[in-house]
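Student: Could you pick one part of this model and take me through it closely? I'd like cut-offs for the terms as you go, and then how the part sits in the rest.

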Amino acid sequence: MTQPGPSPLVTSPKTTAEPLVAVEGLTKYFPITKGIVLQKEVARVHAVEDVTFTVSPGETLGLVGESGCGKSTTARLLLKLLEPTRGRIFFEGEDITNLNRSRMRPLRREMQMIFQDPYASLNPRQTVGQIVGAPFRIHKTEGETKKKVQELMNRVGLNPEHYNRYSHEFSGGQRQRIGVARALALRPKLIVCDEPVSALDVSIQAQILNLLEDLQDEFKLTYVFISHDLGVVRHIADRIAVMYLGRIVEVAQADELYEDPKHPYTSALLSAVPKGHGDAALTQRIVLEGDVPSPIDPPPGCPFHPRCPKARAVGGPVDGLPENCTAEMPPLGEVERNHRAACWYPLKHGESLQKAAHA
Amino acid sequence: MSAETLLEVRDLHVSFPTPDGVVKAVDGLSFSVHRRETFGIVGESGSGKSVTNLTALGLIDRERAQVSGEVLFKGRDLLALSKEELRRVRGKELAMIFQDPFACLHPFYRVGDQIVEAILCHDDIPKKQAQQRAVDLLGAVGIPHPQDRFRDHPHQYSGGMRQRAMIAMALSHNPDLLIADEPTTALDVTVQAQILDLIDRIKNEFNIGVILITHDLGVVADVAQTVMVMYAGRAVELGSRDEVFDNPQHPYAWGLLESIPRIDQKGSRLIPIQGSPPSLIHVPPGCSFHPRCPHRFEPCDKDVPALADRGSGHPDACHLSVEDKRRIWNEREALRKKAVS
């Protein structure tokens, strides 16, 4: 393989080691076709647009955003469950973008996924033993599968004696533990968690989050953790990428992103979360107007400009908005050290969007 | 609170006989809701929060369920009304919005026509007038260009707009009480913020009471004045928002507050509640929370603790004395602070 390694864009400052996963300019369009025989493409859903990031070994990268922002599509592209329209994917320095199914297969042991819905992601006609044992059978590993499965079940907090039970005999939290055990079976390096706790009650959610953290320490796992719940992501992620309409609009260390957001969208998103009691009365919510635009026909320039309070505060010739916001997509540039935001007018330290909106 | 009492639930029991046994969905629940109050009901799935309100609205099949107790709405017992009488109250004085705005609007009919239908259901007015009122309502809930959007089908609306349309429909007869069952759970956070603001605004504008059912403590803390925490069909704590969040009394409420990852705090280890919620067919004897409670002692697995003020200023259902609770809560708080720093 003579491919050049991924450029060190958006690397984690924590390690200088080679990233485990890197994507460069990743883009995915889904065609919308008309006609039955001659399927003419009439439009495209811009699901993921020019996404670049890296994940270092042992790190947890959080991907947050609202529904339809492309976070799950990014995850699927990463695992090659979907073919990208453009862009490249590197795993341990190797370009895996164009590998075919059979050449992907050995790599699949290294990258696994935990799904959102523990009711839909487990086959109701298989026992736990069959579900968790499936990776061993598929990859034809040595040794006794049953023993390995029971060890795994024990590790994720399930009773190994329940080996022969079906998934409907378990509660939601226990089912998610089954999903975790299955992902863990082949000792992967990377686990992509797609909303793993969204379907669970809060008291159970904490159990699963703790389990995921313990497993990460024990098995030196790398996580790409997708969630729409900003509290959950702050809790588990080292670094966070915020997505809006298929693009990454901000990347930073978790604490920095939450304490000093640079992109107006991040700031609005954080303020929209009910804070619970205490400072709730003090921190005013920034209520964004309107809805997320359709990804079929994303707005030109910065995709956030039609709803952006900062752009409105800055003002300009195009409907009261600055020209560059409406004309040109801002690059994901470094605003501060290891803190990137795709915005022409990033927020200054301590600048409140509320003030900006009213200025 | 001196405001008019709109809804008073007294000792409500709802259970469903099934082949596996009797499911005790609601077990002796009492509370009251006043005008201009947002009454938040929090609990996990299966805690009985939705069944309580479906029963109040007469939406539970009374032939399949065993219901006892009283649900007094402006002095009248809703449980004693005939179907016909109930129909005159429901949708008119008592309105409801549901969790999933995708499932609540008929996909074949225009949104405006569905609101007109709701209006004509209770008011005998010319259709033209009803249409005008529907347009006004859509405008009142913040739908831009209501005149045009009136003629759209539901699929042309976004999730947030559908929920707004549902709220418009609920408001069409100036109800006294609005029951919102997880109104923002299916929505994104930025849209959730819009809808919560809207509910708060209409509560004041239309001078109504709101029951907000949710599993999200953050939502309740943001918008509710009174909070009731439910567990396995019973209320375990009831008080004003400040009382419940500043001075929580029940170990289950502590567990809930501690197990939520917060966005304004650095990630420390979460303290989950052990175990999982009980089956409502085999509710544990005594306090139904005792198998998961780290502070259980002698009477917990025998006596059901009543919901009563044990000296803290607001009622809770836990056998521990108020002094013990204060001590334990302070210890837990200290532990948590240590974990953060």
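Predicted model: local features only at pLDDT ≥ 70, side-chain atom pairs only at ≥ 80, totals over all residues.

Tutor: In helix 1 of chain A, the buried residues are Lys71(A), Ser72(A), Thr73(A), Thr74(A), Ala75(A), Leu77(A) and Leu78(A). Buried here is a count: 20 or more other C-beta atoms within 10 Å of the residue's own, with exposed at 12 or fewer, partly exposed in between, and C-beta atoms placed from the backbone. That is seven of the eight residues, so to speak a mostly covered helix. Helices (H or I, at least four residues) and strands (E, at least two) are DSSP runs numbered from the N terminus.

Residues are numbered from 1 along each chain as its sequence is written, and chains are lettered from A and ligands numbered from 1 in the order in which they are written.

Next, the sheet. Chain A has an open one of eight strands, with mixed pairing and the order 6-7-8-3-9-10-12-11; two strands pair if DSSP finds at least two bridges between them. Strand 6 (111–114) and strand 11 (333–336) of chain A are the edges, each with a single partner strand, so one side of each has no neighbour in the sheet. From one strand to the next, the twist averages 25°.

Helix 1 (residues 71–78) of chain A packs on this sheet, touching strand 3 (60–64), strand 7, strand 8 (222–227) and strand 9 (239–244) of chain A. Touching means C-beta atoms, placed from the backbone, within 7 Å. The helix direction makes about 150° with that of strand 8 of chain A; axes are lines fitted to C-alpha atoms, for helices over the stretch in contact, and angles run from 0 to 180 degrees between N-to-C directions.

Met111(A) has Leu190(A) as its bridge partner in strand 7, and Ile114(A) has Cys193(A). In a regular strand the side chains alternate between the two faces of the sheet. Strand 6 of chain A is covered on both: Met111(A) and Met113(A) are buried on one side, Gln112(A) and Ile114(A) on the other.

Leaving out residues up to four places away in sequence, Ile211(B) touches several residues, including Val33(B), Phe39(B) and Leu177(B).

As for how the chains meet, the contact takes 35 residues from chain A and 37 residues from chain B. On the chain B side, helix 7 (189–205), helix 8 (217–223), helix 9 (241–246) and helix 10 (251–259) supply at least two residues each, and helix 7 gives the most, six residues. By class, that side has 14 nonpolar, twelve polar and eleven charged residues, counting Ala, Val, Leu, Ile, Met, Phe, Trp, Tyr, Cys and Pro as nonpolar, Asp, Glu, Lys and Arg as charged, and the others, Gly among them, as polar.

Technical notes
Contact = placed C-beta atoms within 7 Å.
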